[in-house]
Amino acid sequence: MKLVTAIIKPFKVEEVRASLDEIGISGMTMTEVKGFGRQKGHTELYRGAEYTIDFLPKIKIEIVVSDDIVEQVKSAIIKSSASGKIGDGKIFISSVDEVVRIRTGEINEDAL
């Protein structure tokens, strides 16, 4: 099993969710986060004063999937979230040792 963590732009959330739904992914966790990469934030003007916004709003999506569909999930996220501009985000894929469904006690693949 793998944990797929994607950091994407907030306005791409619905496109990514729909794309993952098409390939049968029904459960995921989304968190509002802030961060920056190469774009290093930006400056904004508010009431005549200039402010530097270092941390930009992003959405973190976490999905645990079986090893055989990791590539499909990765491709779906890339296809639906890429704009070709800086700040599109990143995908991290890591191994998951064990999953337990609390309600039933099911483990690993059965718990997904």
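**Notebook: salt bridges and the sheet**

I began with E106 and R101, whose side chains meet in a salt bridge at 2.7 Å, N to O. The model is a predicted one. I looked up the accessibility of both partners: E106 is partly exposed at a relative accessible area of 32%, and R101 is partly exposed at 27%.

I then searched the whole structure and found six salt bridges. Among them is the pair E14 and R17, with the closest N and O atoms 3.2 Å apart. I noted that E14 and R17 both belong to helix 1 and are three residues apart, about one turn of the helix. E14 is exposed, with a relative accessible area of 51%, whereas R17 is partly exposed at 35%.

I also recorded a salt bridge between the side chains of K12 and E15, at 3.7 Å from N to O. K12 counts as buried because its relative accessible area of 10% falls under the 20% limit. E15 is partly exposed, at 41% relative accessibility.

I found an open sheet of four strands in the order 2-5-1-6, with antiparallel pairing. Strand 2 (29-35) and strand 6 (89-95) are the edge strands, each pairing on one side only. I noted an average twist of 20 degrees from one strand to the next.

I examined strand 2 and strand 5 (residues 56-65), which run antiparallel and are joined by seven bridges. Within this pairing, M30 stands opposite I61 of strand 5. Helix 1 (residues 13-22) packs on the sheet and touches strand 1 (2-8), strand 2 and strand 5. I recorded an angle of about 10 degrees between the directions of helix 1 and strand 5.

Methods. Residues are numbered from 1 along each chain as its sequence is written. This is a predicted model: local features need pLDDT of at least 70, side-chain atom pairs count only at pLDDT 80 or more; totals for chains, interfaces and linings use all residues. Side-chain values use heavy atoms; hydrogens and water are left out. Two strands pair if DSSP finds at least two bridges between them. Helices (H or I, at least four residues) and strands (E, at least two) are DSSP runs, numbered from the N terminus. Axes are lines fitted to C-alpha atoms, for helices over the stretch in contact, and angles run from 0 to 180 degrees between N-to-C directions. Contact means heavy atoms within 4.5 Å. A salt bridge is a side-chain nitrogen of Lys or Arg within 4 Å of a carboxyl oxygen of Asp or Glu. Buried means under 20% relative accessible area, exposed over 50%, partly exposed in between (1.4 Å probe, protein chains only).
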